Amino acid sequence: MTDASTDVLIVGAGPTGLTLALDLARRGAAVRIVDRSPAHPRTSRAKGPNPRSLEILADLGVVDEVLAAGSAPLPMRVYRDHRPVAETDPWADAAPTPATRFDRPWLIAQWRLEEILRARLAGHGVHVELGREVVGLAEGDGGEHVDVTFAEGRAGRARYVVGCDGAHSSVRKLVGITFDGTTAEDQVMVTGDVELDHEDLRRDRWHQWFDEDGAVMLCPIPGTRTGWWFQAGPERNEEGRPLAPTFDGFRRLLTRHTGLPGHHLTRAELLSTYRVNVRMADRYRAGRVLLAGDAVHVHAIAGGLGMNTGIQDAFNLGWKLGQVLAGQADAGLLDTYEEERLPVAAWTLDLTSDRLRATLEAIRRPGGSLGSAMTPETAGLGIGYRWSSLAGTKATTAPSAPLAGDRAPDAPCRDAATGERTHLYGTFAGPHTTVLGFGPASAAVLREVAAYGAGVRACRVYAAHEGHGTPQPGAVVDDQGHAAAAYGIGAGGGGLVVIRPDHHVGAVAPAGDPGSVREYLRRLHGAPGMVDAVR
């Protein structure tokens, strides 16, 4: 039996696959998302999105629900010999800035984040198909699609297939993409979700016990009364080999390292053994099959970048697939996905390995904590693609301004029509490219941009002193000067900035010389009037 054809088949319904499915669905693409699990897992492997992923979730329209369902990261209480010896808060000095709305990661159980993403996806009429395992992929006649075989014998067809199916990715194996790296057999941790109710264990702290012979870490799971994330060094046999995690073993580890009576731990589930794997695929694409998330890179958990790197892979890929499917860009645009994200994966492997070494050194000393894993780099806000062939003109008007390829800064402003407070990322949000126009000389090219329709948004940014009469829709007033400062626009100056759908600067040009802006838009969107062809 053959299923109906679709534009994109996404294999794997974790945060990476759901992010990609949601981004494509809101673009009008026909999407299927399948997962071989028979039921939605209640795993809590990742502790939550970092600031860059929160920006993506805001663009997708779910960040308010994520913030409400989770909590801010907690201060860390560190123990030695069962006694508290230090408290540290890696985010104590963090604060939002005009360019950055989110200043810290957010704690939320992974299963809860997935619920939120699935609900949003269902609003587009797309539902995860459970119990669907892909066992075969073959290029269709003429290379215009991929023929898919499922384990139950059904067949399907898709213009593109994206494997978001984790470190043991079947999709990656089926297309023969290598996954080289190392596994540190001596670096082992047991993990699980536990129920633990003890009056002395406050839920406003992430408790961390480090001893010479092991460790236990307990972090409250937001949205629960007695649920905790449990991480520990494993029990070992007489030969020193790690034992598999068990409920009784968790109780023994709890008593041994914390001094708390084991009977207070009343439930332990989702038990697993984690070994440090540092692996990366040699490519992200094999024809019409692409990979994202753990299917292409795994690394040390220090810094919490696993799920976040996958979400950011998906956000980079989604708009590019959308443009190709809509016929506004040729398939070569998909080559920039690997071009941009593979170096980021390599950097992430290096960063997390470095943070793991720093953390292991820190916790050998009394008072050292997992806070050593957190650095400004783990926020994800500094990741850019200056090397990319999609980075247009490199010219900029000030040394502090972002270059093509950089993450576009946010800035508070006012809606020019209503006077209500808003911000630039509110203008960027949605499945479109944005062209910011500073100064009166930008008006002519912004009128041209309007001819693209919904796929390209023109945004005139007025200085506080400029009169704007009846402004065009989407215009904003930079009443505090933050937008001009962020984009290097001097007093009374002008300029044009193209912002890609994934919030990265595409091209920068003087307001009076818009040729590079026109060229960039043609590359991404074709000629004006093509943008809405498939909507």
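Which residues line the largest cavity? The model is predicted, with local features requiring pLDDT of at least 70, side-chain atom pairs counting only at pLDDT 80 or more, and totals for chains, interfaces and linings using all residues. Residues are numbered from 1 along each chain as its sequence is written, and side-chain values use heavy atoms, with hydrogens and water left out.

The largest cavity is lined by Arg 52, Ile 56, Gln 312, Phe 315, Asn 316, Arg 341, Gly 380, Ile 383, Tyr 385, Asp 502 and His 504. A cavity is a set of points, on a 1 Å grid over the protein atoms alone, where a 1.4 Å probe fits but cannot get out; lining residues have an atom within 4 Å of a point. The volume of the largest cavity is about 80 Å³. A volume is the space filled by probe spheres set on the points, which are joined across faces, edges and corners. Helix H2 (51-59) and H7 are the elements that give two or more residues to this lining. H7 gives the most, with three residues. Helices (H or I, at least four residues) and strands (E, at least two) are DSSP runs, numbered from the N terminus. By class, the lining has four nonpolar, four polar and three charged residues. Nonpolar covers Ala, Val, Leu, Ile, Met, Phe, Trp, Tyr, Cys and Pro; charged covers Asp, Glu, Lys and Arg; the others, Gly among them, are polar.

H7 (residues 306-325) also packs against helix H1 (residues 15-25), at an angle of about 30 degrees and with the axes 8 Å apart. H1 is therefore roughly parallel to H7 (angles under 35 degrees). Axes are lines fitted to C-alpha atoms over the stretch in contact, and angles run from 0 to 180 degrees between N-to-C directions. In H1, the residues that meet H7 are Pro 15, Thr 16, Thr 19, Leu 20, Asp 23 and Leu 24. Their partners in H7 include Phe 315, Trp 319 and Leu 325. Contact means heavy atoms within 4.5 Å. The residues of this contact divide into eleven nonpolar, five polar and one charged.

The second largest pocket has a volume of about 350 Å³. A pocket is an open set of points with protein on both sides within 12 Å along at least five of seven lines. Of its 15 lining residues, the closest to the centre are Leu 446, Arg 447, Ala 458, Arg 460 and Gln 472. Helix H10 (443-449) and strand E20 (456-463) each supply at least two lining residues. E20 gives the most, with six residues.

Notes: Angles under 35 degrees count as roughly parallel, over 145 as roughly antiparallel, 65 to 115 as roughly perpendicular and the rest as oblique.
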